[in-house]
Amino acid sequence: MKVYFLGTGTSQGIPVIGSNHPVCKSTDFKDKRLRVSVWVSWENHSFVIDCGPDFRQQMLFSNCQKVDGILFTHEHSDHTAGLDDIRPFNFKQGEIPIYAHQRVIDNLKKRFDYVFETINRYPGAPCVKTIEVINNQPFSIGDKTAIPIDVMHAGLQVFGYRIDDFAYLTDVKTIEDAEIEKLKNLKVLVINALREESHFAHFNLQEALDFITLVQPKKAYITHISHILGFHEEVQKRLPENVFLAYDNLEITI
Ligand SMILES: [Zn+2]
(Lines give C-alpha, C1' and ligand atoms only; values in the text may rest on other atoms or scores of the structure.)
Protein backbone atom coordinates (compact mmCIF):
# COMPACT_ATOMS: atom_id res chain seq x y z
CA MET A 1 0.00 0.00 0.00
CA LYS A 2 1.26 3.46 -0.87
CA VAL A 3 0.44 6.59 1.09
CA TYR A 4 1.07 9.88 -0.69
CA PHE A 5 0.85 13.08 1.35
CA LEU A 6 -1.14 15.43 -0.87
CA GLY A 7 -1.06 18.20 1.73
CA THR A 8 0.36 18.62 5.23
CA GLY A 9 -0.52 22.19 6.20
CA THR A 10 -3.04 23.64 8.60
CA SER A 11 -6.20 25.38 7.42
CA GLN A 12 -4.59 28.43 5.80
CA GLY A 13 -1.83 26.46 4.08
CA ILE A 14 1.82 27.57 3.95
CA PRO A 15 2.74 30.17 2.82
CA VAL A 16 -0.12 32.07 4.43
CA ILE A 17 -1.49 34.76 2.12
CA GLY A 18 0.21 38.10 2.80
CA SER A 19 2.54 36.67 5.48
CA ASN A 20 6.12 37.85 5.95
CA HIS A 21 6.89 35.07 8.44
CA PRO A 22 10.28 33.47 7.61
CA VAL A 23 8.71 30.02 7.19
CA CYS A 24 6.23 31.49 4.70
CA LYS A 25 9.19 33.03 2.85
CA SER A 26 11.26 29.83 2.94
CA THR A 27 12.50 28.46 -0.37
CA ASP A 28 12.67 24.89 0.99
CA PHE A 29 9.95 22.91 -0.80
CA LYS A 30 9.30 21.06 2.47
CA ASP A 31 8.09 24.35 3.99
CA LYS A 32 5.31 24.70 1.42
CA ARG A 33 2.21 22.94 2.65
CA LEU A 34 -1.18 22.57 1.00
CA ARG A 35 -4.24 21.68 3.05
CA VAL A 36 -4.15 18.18 4.59
CA SER A 37 -5.07 15.11 2.60
CA VAL A 38 -3.57 11.74 1.77
CA TRP A 39 -3.92 9.47 -1.23
CA VAL A 40 -3.92 5.79 -0.30
CA SER A 41 -3.46 3.29 -3.12
CA TRP A 42 -2.73 -0.41 -3.61
CA GLU A 43 -2.96 -2.67 -6.66
CA ASN A 44 -5.74 -1.08 -8.73
CA HIS A 45 -7.42 0.67 -5.76
CA SER A 46 -7.19 4.40 -5.06
CA PHE A 47 -8.79 6.34 -2.20
CA VAL A 48 -8.25 9.80 -0.75
CA ILE A 49 -8.85 10.95 2.79
CA ASP A 50 -10.42 14.43 2.70
CA CYS A 51 -10.86 16.71 -0.26
CA GLY A 52 -9.83 20.23 0.71
CA PRO A 53 -9.53 23.45 -1.27
CA ASP A 54 -6.23 22.35 -2.88
CA PHE A 55 -7.67 19.09 -4.25
CA ARG A 56 -7.35 20.11 -7.91
CA GLN A 57 -3.67 20.96 -7.80
CA GLN A 58 -2.99 17.95 -5.56
CA MET A 59 -4.56 15.60 -8.11
CA LEU A 60 -2.63 17.24 -10.94
CA PHE A 61 0.75 17.26 -9.19
CA SER A 62 0.46 13.68 -7.87
CA ASN A 63 -0.83 12.48 -11.25
CA CYS A 64 -3.69 10.64 -9.55
CA GLN A 65 -5.66 8.96 -12.34
CA LYS A 66 -8.75 7.77 -10.45
CA VAL A 67 -10.48 8.06 -7.10
CA ASP A 68 -12.52 5.05 -5.96
CA GLY A 69 -13.81 6.91 -2.91
CA ILE A 70 -13.28 9.82 -0.53
CA LEU A 71 -13.14 9.21 3.23
CA PHE A 72 -13.99 12.41 5.08
CA THR A 73 -12.67 13.13 8.55
CA HIS A 74 -15.00 16.06 9.29
CA GLU A 75 -16.78 18.97 7.65
CA HIS A 76 -14.33 21.86 8.15
CA SER A 77 -13.56 23.62 4.88
CA ASP A 78 -9.86 22.75 4.84
CA HIS A 79 -11.01 19.11 4.56
CA THR A 80 -14.03 19.42 2.26
CA ALA A 81 -13.93 22.57 0.12
CA GLY A 82 -12.56 20.79 -2.96
CA LEU A 83 -15.62 18.63 -3.51
CA ASP A 84 -16.58 20.44 -6.72
CA ASP A 85 -13.27 19.42 -8.29
CA ILE A 86 -14.07 15.71 -8.33
CA ARG A 87 -15.93 16.32 -11.62
CA PRO A 88 -13.09 15.21 -13.94
CA PHE A 89 -13.16 11.86 -12.10
CA ASN A 90 -16.97 11.72 -12.44
CA PHE A 91 -16.67 12.24 -16.19
CA LYS A 92 -14.24 9.30 -16.42
CA GLN A 93 -15.64 7.01 -13.74
CA GLY A 94 -19.23 7.99 -12.88
CA GLU A 95 -20.39 8.63 -9.33
CA ILE A 96 -17.84 8.52 -6.52
CA PRO A 97 -18.61 7.07 -3.07
CA ILE A 98 -18.02 9.44 -0.18
CA TYR A 99 -17.70 8.00 3.30
CA ALA A 100 -18.51 10.28 6.23
CA HIS A 101 -20.31 10.70 9.52
CA GLN A 102 -24.03 11.46 8.93
CA ARG A 103 -23.46 14.94 10.40
CA VAL A 104 -20.78 15.59 7.76
CA ILE A 105 -23.05 14.31 4.97
CA ASP A 106 -25.81 16.66 6.19
CA ASN A 107 -23.33 19.54 6.27
CA LEU A 108 -22.14 18.81 2.71
CA LYS A 109 -25.79 18.72 1.56
CA LYS A 110 -26.20 22.28 2.84
CA ARG A 111 -22.93 23.66 1.51
CA PHE A 112 -22.94 21.81 -1.82
CA ASP A 113 -26.71 21.57 -2.31
CA TYR A 114 -26.36 21.34 -6.12
CA VAL A 115 -24.29 18.14 -5.76
CA PHE A 116 -27.24 16.41 -4.11
CA GLU A 117 -29.99 17.99 -6.25
CA THR A 118 -32.26 15.40 -7.86
CA ILE A 119 -34.76 17.69 -9.64
CA ASN A 120 -33.43 19.87 -12.51
CA ARG A 121 -29.95 18.67 -11.73
CA TYR A 122 -27.18 20.43 -13.69
CA PRO A 123 -25.67 17.69 -15.87
CA GLY A 124 -22.07 18.65 -15.09
CA ALA A 125 -22.49 18.77 -11.31
CA PRO A 126 -20.34 16.52 -9.13
CA CYS A 127 -21.85 13.11 -8.58
CA VAL A 128 -21.46 11.25 -5.29
CA LYS A 129 -22.90 8.27 -3.49
CA THR A 130 -23.01 8.87 0.28
CA ILE A 131 -22.04 6.13 2.69
CA GLU A 132 -22.53 6.82 6.37
CA VAL A 133 -19.59 5.99 8.63
CA ILE A 134 -20.60 4.80 12.10
CA ASN A 135 -18.09 4.32 14.87
CA ASN A 136 -17.24 0.69 15.66
CA GLN A 137 -18.53 -0.35 12.23
CA PRO A 138 -15.55 -1.09 9.95
CA PHE A 139 -16.37 -0.83 6.25
CA SER A 140 -14.93 -2.09 2.99
CA ILE A 141 -12.86 0.01 0.63
CA GLY A 142 -11.79 -2.06 -2.35
CA ASP A 143 -10.60 -5.36 -0.87
CA LYS A 144 -9.46 -3.75 2.38
CA THR A 145 -11.25 -2.72 5.57
CA ALA A 146 -11.28 0.81 6.96
CA ILE A 147 -11.74 1.06 10.72
CA PRO A 148 -13.15 4.40 11.93
CA ILE A 149 -11.33 5.96 14.88
CA ASP A 150 -13.49 8.40 16.82
CA VAL A 151 -11.59 11.46 18.10
CA MET A 152 -12.47 14.94 19.30
CA HIS A 153 -11.39 18.26 17.74
CA ALA A 154 -12.31 20.33 20.80
CA GLY A 155 -16.14 20.02 20.75
CA LEU A 156 -16.37 18.51 17.26
CA GLN A 157 -16.33 14.76 16.58
CA VAL A 158 -13.84 13.74 13.85
CA PHE A 159 -13.12 10.35 12.28
CA GLY A 160 -9.62 9.05 11.73
CA TYR A 161 -9.19 5.85 9.74
CA ARG A 162 -7.09 2.71 10.11
CA ILE A 163 -6.39 0.66 6.98
CA ASP A 164 -4.27 -2.44 7.69
CA ASP A 165 -1.23 -1.28 9.68
CA PHE A 166 -1.64 2.37 8.69
CA ALA A 167 -3.70 4.93 10.61
CA TYR A 168 -4.44 8.52 9.67
CA LEU A 169 -5.62 10.87 12.40
CA THR A 170 -5.93 14.60 11.94
CA ASP A 171 -7.45 17.49 13.89
CA VAL A 172 -7.19 15.52 17.15
CA LYS A 173 -7.24 17.22 20.53
CA THR A 174 -8.56 14.36 22.66
CA ILE A 175 -9.15 10.65 22.16
CA GLU A 176 -10.81 8.06 24.39
CA ASP A 177 -8.95 4.95 25.59
CA ALA A 178 -11.32 2.65 23.64
CA GLU A 179 -10.26 4.38 20.41
CA ILE A 180 -6.55 4.21 21.29
CA GLU A 181 -7.05 0.43 21.62
CA LYS A 182 -7.79 0.35 17.87
CA LEU A 183 -4.31 1.72 17.13
CA LYS A 184 -2.21 -1.21 18.35
CA ASN A 185 0.61 -2.65 16.24
CA LEU A 186 0.71 0.09 13.62
CA LYS A 187 3.53 0.29 11.12
CA VAL A 188 2.69 3.92 10.40
CA LEU A 189 0.67 6.45 12.37
CA VAL A 190 -0.08 9.87 10.90
CA ILE A 191 -1.03 12.37 13.58
CA ASN A 192 -1.58 16.13 13.68
CA ALA A 193 0.60 18.68 15.47
CA LEU A 194 -0.05 22.35 14.88
CA ARG A 195 2.79 24.18 16.65
CA GLU A 196 4.77 24.25 19.92
CA GLU A 197 2.21 26.37 21.79
CA SER A 198 -0.98 24.73 22.97
CA HIS A 199 -4.20 25.16 20.99
CA PHE A 200 -7.79 24.50 22.09
CA ALA A 201 -8.62 22.18 19.17
CA HIS A 202 -5.33 20.64 17.97
CA PHE A 203 -2.47 18.67 19.48
CA ASN A 204 0.64 20.76 19.84
CA LEU A 205 3.97 19.09 19.10
CA GLN A 206 4.49 17.73 22.62
CA GLU A 207 0.97 16.32 22.79
CA ALA A 208 1.52 14.58 19.46
CA LEU A 209 4.86 13.14 20.64
CA ASP A 210 3.26 11.93 23.88
CA PHE A 211 0.49 10.30 21.85
CA ILE A 212 3.07 8.59 19.62
CA THR A 213 4.84 7.27 22.73
CA LEU A 214 1.52 5.91 23.99
CA VAL A 215 0.48 4.25 20.70
CA GLN A 216 3.99 3.02 19.79
CA PRO A 217 3.74 2.75 16.01
CA LYS A 218 6.92 1.69 14.23
CA LYS A 219 7.00 5.09 12.53
CA ALA A 220 4.97 8.26 12.94
CA TYR A 221 4.45 11.16 10.56
CA ILE A 222 3.22 14.55 11.71
CA THR A 223 0.77 16.57 9.63
CA HIS A 224 -1.65 19.57 9.80
CA ILE A 225 1.31 21.83 10.49
CA SER A 226 1.26 25.62 11.01
CA HIS A 227 4.02 27.89 9.74
CA ILE A 228 4.72 28.88 13.34
CA LEU A 229 5.93 25.35 14.15
CA GLY A 230 9.13 26.43 12.38
CA PHE A 231 11.30 25.41 9.45
CA HIS A 232 10.86 21.76 8.44
CA GLU A 233 14.58 21.03 8.55
CA GLU A 234 15.08 22.51 12.03
CA VAL A 235 12.02 20.89 13.60
CA GLN A 236 12.87 17.49 12.06
CA LYS A 237 16.30 17.51 13.78
CA ARG A 238 14.64 17.73 17.20
CA LEU A 239 12.29 14.74 16.71
CA PRO A 240 12.79 11.17 17.95
CA GLU A 241 14.34 8.85 15.34
CA ASN A 242 11.06 7.15 14.37
CA VAL A 243 9.10 10.43 14.08
CA PHE A 244 9.06 12.51 10.91
CA LEU A 245 7.43 15.71 9.83
CA ALA A 246 5.43 14.81 6.77
CA TYR A 247 5.77 17.11 3.78
CA ASP A 248 3.78 17.59 0.62
CA ASN A 249 4.35 14.94 -2.07
CA LEU A 250 6.11 12.57 0.32
CA GLU A 251 5.22 9.01 -0.62
CA ILE A 252 5.68 6.09 1.75
CA THR A 253 5.14 2.38 1.19
CA ILE A 254 3.53 0.32 3.94
ZN1 LIG B 1 -8.22 20.91 9.71
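This is a predicted model: local features need pLDDT of at least 70, side-chain atom pairs count only at pLDDT 80 or more; totals for chains, interfaces and linings use all residues.
Visitor: How do you know that strand 2 and strand 3 pair, and in which sense?

Guide: Two strands, that is DSSP runs of E with at least two residues, numbered from the N terminus, pair if DSSP finds at least two bridges between them; strand 2 (residues 37-42) and strand 3 (residues 45-49) have five bridges, in the antiparallel sense. Residues are numbered from 1 along each chain as its sequence is written.

Visitor: What makes strand 6 and strand 15 edge strands?

Guide: The open sheet has seven strands in the order 6-5-4-3-2-1-15, with mixed pairing, and strand 6 (128-132) and strand 15 (251-253) each pair on one side only.

Visitor: Why are the buried residues of helix 8 said to line one face?

Guide: A residue is buried if 20 or more other C-beta atoms lie within 10 Å of its own, and exposed if 12 or fewer do, with C-beta atoms placed from the backbone. In helix 8 (residues 205-215; a helix is a DSSP run of H or I with at least four residues), Leu205, Ala208, Phe211 and Ile212 are buried. Taking the directions from the helix axis to the C-beta atoms, these buried residues fall within an arc of 125°, so they line one face of the helix. The face turned away from that buried side carries the exposed residues Gln206, Asp210, Thr213 and Leu214.
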